[in-house]
Amino acid sequence: MAKIGVEESLSDIQQALREKGHDVVQLRQESDAQSCDCCVVTGLDSNVMGMQDTFTKGSVIEANGMTADEVCQQVESRLQ
């Protein structure tokens with residue numbers, strides 16, 4: 001399955017993605033996202049500085065306001 005990077009605070013989403021068979025890694029720093037097929041972030045500190053450096057070629061999903069199931073659906077649709 002896919003390698004998904006998830007912010008540390010999103011433990012419910014990490015668990016849901018593991019149950020679906022994905023390889024989940026915690027995003028602690030930028031380098032953690034480099035080999036991920038997709039990343040899930042909270043969106044709470046989204047582009048505060050206005051910088052546009054990218055560290056992954058995979059999709060980035062902002063989980064703000066979404067349930068774990070909704071995030072799983074988004075991940076799976078973007079990986080197809």
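Predicted model: local features only at pLDDT ≥ 70, side-chain atom pairs only at ≥ 80, totals over all residues.

Trainee: Where does Ile13 lie? And is it buried or exposed?

Mentor: Ile13 lies in helix H1. It is buried, with a relative accessible area of 2%.

Trainee: How far along the chain is Val40 from Ile13?

Mentor: They are 27 residues apart along the chain, and their C-alpha atoms are separated by 8.6 Å.

Trainee: Let's zoom out. How many helices and strands does the protein chain have?

Mentor: There are 2 helices and 4 strands. Starting at the N terminus, the order is β-α-β-β-β-α.

Trainee: What share of the chain do buried residues make up?

Mentor: Of the 80 residues in the protein chain, 35% are buried. As for contacts, take those between residues at least 6 apart in sequence: 38% of them join residues at least 24 apart.

Trainee: Back to the inside, then. How many residues does the largest nonpolar core have?

Mentor: That core has 16 residues. Ile4, Val6, Ile13, Leu17, Val40 and Val75 have the most contacts inside it.

Trainee: Which elements each supply at least two residues of this core?

Mentor: Strand E1 (3-7), helix H1 (11-19), strand E3 (38-41) and helix H2 (68-79) each do. The largest share comes from H2, with 4 residues.

Trainee: So what about H2 itself? Is Gln73 buried or exposed?

Mentor: Gln73 lies in helix H2, and at 55% relative accessibility it counts as exposed. Its C-alpha atom is separated by 9.8 Å from that of Leu17, 56 residues apart along the chain.

Trainee: Switching to charges. How many salt bridges does the structure hold?

Mentor: The structure holds 1 salt bridge. The side chains of Glu8 and Arg28 meet in it, at 3.4 Å from N to O.

Trainee: And which parts does that pair tie together?

Mentor: Glu8 lies in the loop between E1 and H1, while Arg28 is in the loop between strand E2 (23-27) and E3, so the pair ties together parts that are 20 residues apart in sequence.

Trainee: Are those two buried or exposed?

Mentor: Glu8 counts as partly exposed, at 43% relative accessibility. Arg28 is exposed, with a relative accessible area of 59%.

Trainee: What about Glu7: where is its place?

Mentor: Glu7 is in strand E1. Glu7 is buried yet has no salt bridge.

Trainee: What does the side chain of Glu7 make a polar contact with?

Mentor: With the side chain of Thr42, at 3.2 Å. Leaving aside neighbours within four places in sequence, Glu7 is in contact with Gln14, Leu27, Val40, Val41 and Thr42.

Trainee: New topic: how many disulfides does the structure hold?

Mentor: It holds 0 disulfides. For Cys36, the nearest cysteine sulfur is that of Cys39, 4.5 Å away.

Trainee: Is Cys36 buried or exposed? And Cys72?

Mentor: Cys36 is buried, with a relative accessible area of 5%. Cys72 is buried as well, with a relative accessible area of 1%.

Trainee: Let's look at the loops before we stop. Where is the place of His22?

Mentor: His22 is in the loop between H1 and E2. That residue is buried, with a relative accessible area of 7%.

Trainee: What is His22 in contact with, leaving aside its neighbours within four places in sequence?

Mentor: Met1, Ala2, Ile4, Leu17, Val75, Glu76 and Leu79.

Trainee: Last one. Is Gly65 buried or exposed?

Mentor: Gly65 is exposed, with a relative accessible area of 75%. You'll find it in the loop between strand E4 (59-62) and H2. The C-alpha atoms of Gly65 and Gly43 are separated by 9.8 Å, and the two residues are 22 residues apart along the chain.

Technical notes: Residues numbered from 1 in each chain as written. Heavy atoms only, no water. Disulfide = S-S within 2.5 Å. Buried < 20%, exposed > 50% of the residue type's maximum accessible area, 1.4 Å probe, protein only. Core = buried A, V, L, I, M, F, W, Y, C linked by side-chain atoms within 4.5 Å. Lys, Arg positive; Asp, Glu negative; His and termini not counted. Salt bridge = Lys/Arg side-chain N within 4 Å of Asp/Glu carboxyl O. Polar contact = N/O pair within 3.5 Å; in protein donor to acceptor, adjacent residues only side chain to side chain. Contact = heavy atoms within 4.5 Å.
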